[in-house]
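Visitor: I have a structure open and would like to learn how to read it. Where do we start?

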Amino acid sequence: MELCDKYIHDYVLLNPTLNDFMKMEKYNHLRSKYPNFTSKEYDKKEENLNKKYLKILDKKKDKTFYDQLFYSDLKEYFKEVDFPSEYFPLSYLDNYFVNILTGINSKDSQYSFTDKKSYEDYISRLKQSKKITNQMILNMKKGLKEKMTIPKIIVRGIIEQLEDLLKNNTYENKYNHFQKIPQNIEKKFLDTIRDHLILSIRNILSFLIEEYVENSRNTIGVCDLKTGKRLYENILKSYLTEDYSSENVHKIGLKEVKKNKKKLKDLQKKMKIKGDLSYFMFHMKKQNKKIKDKKEVLEELHKIRERLLKEVFLKYFDDKLSNKDLYKIKCVPKENKHMSAYYLLPDFKNERKGTFFINALNPELVNKYELPVLSAHEGIPGHHYENSKHNNEKYPLYVRITPYTAYSEGWALYCESLYKPKNNYELFWQIIYNLHRSIRLVIDTGIHSYGWSYDKCFHYMKKLLPLSDTEIKNEIYRYICDPGQALCYKIGELKLLELRDKYFKSYKEDYKNFHKLIMEIGPVPMDILEKEINKLL
């Protein structure tokens with residue numbers, strides 16, 4: 001067993017909820033445990049676990065490929081360990097209350113409700129809600145004193161989000177639980193949700209509204225916090241490589257934006273549409289085949305899945321897929337209405353299949369012409385194919401569970417360019433999606449390194465993208481809440497294109513073998529991917 005896998009087994013003992021995804025039977029007896037991840041005690045245990053393995057690796061002379069990978073990750077962890085992340089326990093993108101209610105609402109959640117015992121275990125988890133919530137409130141009060149707070153604009157978004165949870169999840173509708181609850185546990189299950197989770201949401205809401213929001217900060221960037229500038233540079237290097245700084249990422253973004261704007265202008269000229277670029281973009285957005293309902297959106301995506309298999313996968317990949325290898329297609333749940341689309345990983349046993357979620361809650365807003373590029377990214381050959389290649393026992397548990405975002409998102413964006421649009425409208429959306437990822441380099445660094453305001457970000461995006469005000473708002477909220485993550489798409493894609501050019505100089509235009517090589521190396525930081533490719537050149 002690789003050392004990094006021994007670490008994963010130790011980590012499951014610290015946080016047994018990780019096993020909801022991994023489904024290792026030997027840890028089922030811990031299923032009722034839910035750690036108080038907001039406490040200093042939990043942070044200290046995690047830090048000590050990482051110190052233990054860093055010490056082992058420091059002494060180990062002959063490190064395997066995965067030892068080196070694990071060693072690099074641990075060193076990245078300790079660069080940021082002193083930042084008081086406990087002051088920021090809530091996010092608009094991803095927070096404890098949304099996650100645990102989604103676990104109750106959605107059959108696509110990682111937790112499996114199967115029998116009475118599984119409900120009793122979840123009840124035990126729910127009973128930790130008060131302790132976790134009280135610790136969050138205590139941490140945020142300390143953050144107020146230190147002037148280390150969540151941005152006011154995000155706090156207001158969280159308040160709205162939590163109010164929606166209370167409005168839509170009631171005792172009467174059984175908290176939207178997705179299946180029939182066993183009769184002999186139903187009352188206890190619903191009572192526990194009401195008396196622990198719902199009460200906790202009410203308590204945190206009261207604190208946010210009455211004490212926190214008006215005293216939270218008006219700025220939105222990490223650079224506005226103590227030690228924030230250094231933290232952002234570390235986050236950026238961790239996501240990308242040591243070669244990148246916020247300054248050169250910003251410059252790359254401006255260059256890529258310019259390149260994609262030229263492509264749009266060339267398309268406008270080709271189509272003989274007058275007016276400025278803004279007019280052209282919104283004119284093109286209006287060109288759409290009317291979609292009646294959610295069912296039609298999903299049917300269209302199934303057709304596109306078949307098209308991409310024939311036109312892209314067969315052409316560029318030397319691999320065979322059967323029906324069991326395909327992904328599911330579903331509408332996003334109401335709790336994730338702020339997300340336009342995303343891919344949900346299968347669990348380790350593939351009991352829950354990989355799923356492409358599309359926001360079809362308002363089907364009239366879905367544009368058929370943008371669905372192919374979205375499908376190439378989220379499905380095959382994008383996220384679903386990449387994950388299906390790596391979610392197997394050939395790779396260590398550690399690699400299968402650790403996100404290397406520049407690799408995975410860079411790959412998915414790279415895959416968008418492999419399909420050939422069948423008309424100018426599909427081409428338009430292909431360019432727009434690439435432009436969007438280029439803009440992220442400018443906005444993310446703008447917010448977290450250069451101190452851009454929300455309004456400055458909004459106007460920059462409004463001028464360059466045919467998105468609604470709500471879509472732009474959700475995008476900016478995302479960049480505020482998850483610094484650096486949005487950089488991974490474009491930087492990862494550019495690195496893959498650079499490596500492909502190098503590879504083609506040695507092996508001609510052999511797409512199939514290049515793609516096979518990228519998949520065989522597997523999810524790794526981009527500097528390690530480059531080293532492995534260079535060994536063959």
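Guide: Start with burial. A residue is buried under 20% relative accessible area, exposed over 50%, and partly exposed in between. Keep in mind that this is a predicted model.

Visitor: Take asparagine 176. Is it buried, exposed or partly exposed?

Guide: Its relative accessible area is 32%, so asparagine 176 is partly exposed. Asparagine 176 lies in the loop between H8 and H9. Look at its backbone too. Phi is positive, about 55°, although asparagine 176 is not a glycine.

Visitor: Which value of phi does threonine 227 have?

Guide: Threonine 227 has a phi of about 60°, again positive, and it is not a glycine. Threonine 227 sits in the loop between H9 and helix H10 (228-239). With a relative accessible area of 42%, threonine 227 is partly exposed.

Visitor: Now loops with buried residues. Where is proline 89?

Guide: Proline 89 is in the loop between helix H4 (65-80) and helix H5 (96-105). Its relative accessibility is 16%, so proline 89 counts as buried. Leaving aside neighbours within four places in sequence, proline 89 is in contact with Met136 and Met140.

Visitor: And tyrosine 244: buried or exposed?

Guide: Tyrosine 244 counts as buried, because its relative accessibility is 15%. Tyrosine 244 lies in the loop between H10 and helix H11 (246-271). Beyond neighbours within four places in sequence, tyrosine 244 is in contact with Leu236, Lys237, Val249, Ile252, Ile491 and Lys495.

Visitor: How do I read a nonpolar core?

Guide: Look for buried nonpolar side chains that are joined by contacts. The largest nonpolar core here has 170 residues. Phe97, Phe189, Leu197, Ile201 and Leu208 have the most contacts inside it. Helix H9 (residues 183-212) gives this core its largest share, 12 residues.

Visitor: What does leucine 208 touch?

Guide: Not counting residues up to four places away in sequence, leucine 208 touches Leu90, Met140, Val155, Ile158, Ile159, Leu162 and Val213.

Visitor: Next, helix packing. What describes two packed helices?

Guide: The angle between their axes and the distance between the axes. Take helix H8 (residues 152-168) and helix H20 (residues 469-481). They pack at an angle of about 115°, with axes 11 Å apart. That makes H8 roughly perpendicular to H20. The crossing of H8 and H20 is left-handed.

Visitor: Which residues of H8 and H20 meet?

Guide: From H8 come Ile153, Ile154 and Gly157; from H20 come Tyr477, Ile480 and Cys481. The contact of H8 with H20 has five nonpolar residues, one polar and no charged. As a general rule, an α-helix has 3.6 residues a turn, so residues three or four places apart point the same way.

Visitor: How do H17 and H21 cross?

Guide: The axes of H17 and helix H21 (residues 488-507) come within 7 Å and cross at roughly 75°. That makes H17 roughly perpendicular to H21. The residues of this contact divide into eight nonpolar, three polar and four charged. H17 brings residues including Glu409, Trp411 and Tyr414, and H21 brings residues including Lys490, Glu493 and Arg500.

Visitor: Where is histidine 515 found?

Guide: Histidine 515 is in helix H22. Its relative accessible area is 1%, so histidine 515 is buried. Setting aside neighbours within four places in sequence, histidine 515 is in contact with Tyr316, Phe317, Trp411, Tyr414 and Leu418.

Key:
Residues are numbered from 1 along each chain as its sequence is written. This is a predicted model: local features need pLDDT of at least 70, side-chain atom pairs count only at pLDDT 80 or more; totals for chains, interfaces and linings use all residues. Side-chain values use heavy atoms; hydrogens and water are left out. Axes are lines fitted to C-alpha atoms, for helices over the stretch in contact, and angles run from 0 to 180 degrees between N-to-C directions. Helices (H or I, at least four residues) and strands (E, at least two) are DSSP runs, numbered from the N terminus. Angles under 35 degrees count as roughly parallel, over 145 as roughly antiparallel, 65 to 115 as roughly perpendicular and the rest as oblique. A crossing is left-handed if the near helix is turned anticlockwise from the far one by less than a right angle, and right-handed if clockwise. Contact means heavy atoms within 4.5 Å. Ala, Val, Leu, Ile, Met, Phe, Trp, Tyr, Cys and Pro count as nonpolar, Asp, Glu, Lys and Arg as charged, and the others, Gly among them, as polar. A nonpolar core is a set of buried Ala, Val, Leu, Ile, Met, Phe, Trp, Tyr and Cys residues joined through side-chain atoms within 4.5 Å. Buried means under 20% relative accessible area, exposed over 50%, partly exposed in between (1.4 Å probe, protein chains only).
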